[in-house]
Amino acid sequence: MKPAVERRRRWSKEAKLAILAEADQPGVRIGDVARSHDIYPAQIRLQRKTLSHFDVSASFLPVHLGSEVSLGQMPAAGGARPRLSRSSCEMVAV
């Protein structure tokens with residue numbers, strides 16, 4: 001007699017986020033959370049990596065758009081760096 005083949009489970013985005021929230025609690029071990037949901041700890045890590053873009057809002061970083069500088073014009077290590085003013089920076093969505 002052949003053993004029954006277990007069907008692949010499908011998790012909704014909400015269920016995955018709930019498991020991740022449980023695993024992110026202070027003092028909670030990923031292995032314990034995985035065991036309580038009958039999944040492998042690696043699945044929680046993979047869910048964290050694949051769903052991380054759902055929770056992150058757009059970030060803005062200052063970017064200096066200046067002229068090209070050749071290696072000969074770059075300051076020596078430990079040397080003075082050029083100062084940037086706020087007017088020389090623009091915000092770019094990442």
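**Exercise 1.** Determine whether Gln-47 is buried or exposed in this predicted model, and state where the residue lies and what it touches.

*Solution.* Finally, leaving out residues up to four places away in sequence, Gln-47 touches Lys-16, Ile-19, Leu-20 and Ser-52, where contact means heavy atoms within 4.5 Å.

Residues are numbered from 1 along each chain as its sequence is written. Because the model is predicted, local features need pLDDT of at least 70 and side-chain atom pairs count only at pLDDT 80 or more, whereas totals for chains, interfaces and linings use all residues, and side-chain values use heavy atoms, with hydrogens and water left out.

**Exercise 2.** Work out how many residues of the protein's elements are helices and strands, and in what order they run.

*Solution.* The protein has three helices and two strands, a strand being a DSSP run of E with at least two residues. Read from the N terminus on, these elements follow the order α-α-α-β-β.

**Exercise 3.** Find what share of the contacts with a separation of 6 or more joins residues 24 or more positions apart.

*Solution.* Such residues account for 62% of those contacts, while buried residues make up 11% of the 94 residues in the protein.

Methods
Helices (H or I, at least four residues) and strands (E, at least two) are DSSP runs, numbered from the N terminus. Buried means under 20% relative accessible area, exposed over 50%, partly exposed in between (1.4 Å probe, protein chains only).
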